[in-house]
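Welcome, and please take a moment to look over the sequence and the structure before reading on. The notes below are meant for someone meeting them for the first time.

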Amino acid sequence: MPCAAAGSGGGDPLKFNVDKRTSRKENAEDFAAGMEQFRETLRQNAEVISGEPLPESSFTVYVRLRPLFQHEFSKGEYETMTCVGRQAIVGHKCSMRPDLKHMFILHRRHRVHRVFSPASTNEDVYGVAAAPLLRAAATGRNSTLLVFGQTGSGKTFTMGGIYQQAAEEIFDLLPPGASLLLSCFELSGAEGCTDLLGT
């Protein structure tokens with residue numbers, strides 16, 4: 001139930017507490033202007049903000065930022081993430097002060113081994129994130145690809161592209177008569193682990 005906050009003195013209209021998403025939508029134009037101003041700074045200093053390349057590691061982290069859908073735009077949603085160069089992504093947290101009058105935006109940078117912008121394709125992602133694992137597995141090494149993200153973030157779309165390209169490449173890599181063992185599992189909260197190929 002919303003809490004009413006009476007105005008102080010000068011006949012200010014009654015203010016109501018609203019959830020974060022509603023306040024973001026109601027102030028979308030101002031938030032968008034603030035983020036665009038910050039993005040201009042990012043564009044001018046992309047190399048500095050991205051930082052030095054991360055060192056080589058047996059464990060790498062990739063982030064793919066999917067584009068907003070038309071139905072999201074029609075609901076007043078807007079992009080609150082920005083790719084910076086190839087190895088950094090910035091989240092813009094648009095919030096209201098407790099007085100519900102003053103807005104602020106927190107900008108948080110996260111560095112990873114590679115960032116894929118909304119313009120990236122499944123081929124781009126496969127070539128960088130999945131193909132090296134497949135080629136290592138073809139030489140007898142173990143490879144694991146873990147895709148993580150909230151519902152609607154684009155995991156199924158990305159994995160579908162990876163499945164298709166992996167299937168096309170793997171048989172070209174294996175010598176005649178070679179055997180192949182492939183496992184695909186879904187890890188899903190309370191439902192646990194599901195074998196995607198055995199069900």
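## Before we start

Please keep in mind that this is a predicted model. Residue numbers count from 1 along each chain as its sequence is written.

## Aromatic rings

How many aromatic pairs does the structure hold? There is one aromatic pair, and it is formed by tyrosine 62 and phenylalanine 116. The two rings are tilted, with 50° between their planes and 6.3 Å from centre to centre. Tyrosine 62 belongs to strand E3 (residues 62–64) and phenylalanine 116 to strand E7 (residues 114–116), so the pair ties together parts that are 54 residues apart in sequence.

Are these two partners buried or exposed? Phenylalanine 116 counts as buried because its relative accessibility is 2%, under the 20% limit. Tyrosine 62 has 29% relative accessibility and counts as partly exposed.

Another ring has a charged neighbour: arginine 97 lies over the face of phenylalanine 104, at 4.1 Å from the ring centre.

## Cysteines

How many disulfides does a search of the whole structure find? The search finds zero. Cysteine 94 is buried, with a relative accessible area of 6%, whereas cysteine 83 counts as partly exposed at 22% relative accessibility.

## Salt bridges across the chain

The count comes to five salt bridges. One of them joins the side chains of glutamate 77 and lysine 25, at 3.7 Å from N to O. This pair links distant parts of the chain, 52 residues apart: glutamate 77 sits in the loop between helix H4 (70–74) and strand E4 (81–84), and lysine 25 is in helix H1 (residues 20–26). Glutamate 77 counts as buried at 15% relative accessibility, while lysine 25 counts as partly exposed at 33%.

Another salt bridge brings together the side chains of glutamate 169 and arginine 135, at 2.7 Å from N to O. Glutamate 169 lies in helix H6 (residues 155–173) and arginine 135 in helix H5 (residues 122–138), so this pair ties together parts that are 34 residues apart in sequence. Here glutamate 169 counts as buried at 14% relative accessibility, and arginine 135 counts as partly exposed at 42%. Elsewhere, salt bridges that share partners join Glu36, Glu40 and Arg43 into one network.

The side chains of glutamate 40 and arginine 43 meet in a salt bridge, 3.1 Å from N to O. Both residues lie in helix H2 (residues 28–44), three residues apart, about one turn of the helix. An α-helix has 3.6 residues a turn, so residues three or four places apart point the same way. Glutamate 40 counts as partly exposed at 35% relative accessibility.

## Helix H5

Where does H5 kink? A kink of about 45° lies at alanine 130, shortly before proline 132. Alanine 130 is also one of the buried residues of H5, which include Val125, Tyr126 and Leu134.

What do the buried residues of H5 pack against? They pack against E3, E7 and H6. After H5 comes glycine 140, whose phi is positive, near 100°.

Terms used: This is a predicted model: local features need pLDDT of at least 70, side-chain atom pairs count only at pLDDT 80 or more; totals for chains, interfaces and linings use all residues. Side-chain values use heavy atoms; hydrogens and water are left out. Rings of Phe, Tyr and Trp (its six-membered ring) pair if their centres lie within 6.5 Å; planes under 30 degrees apart count as stacked, over 60 as edge-to-face and the rest as tilted. Helices (H or I, at least four residues) and strands (E, at least two) are DSSP runs, numbered from the N terminus. Buried means under 20% relative accessible area, exposed over 50%, partly exposed in between (1.4 Å probe, protein chains only). A charge sits over a ring if NZ of Lys or CZ of Arg is within 6 Å of the ring centre and within 35 degrees of the ring normal. A disulfide is a pair of cysteine sulfur atoms within 2.5 Å. A salt bridge is a side-chain nitrogen of Lys or Arg within 4 Å of a carboxyl oxygen of Asp or Glu. The bend at a residue is the angle between axes fitted to the seven residues ending there and the seven starting there. Contact means heavy atoms within 4.5 Å.
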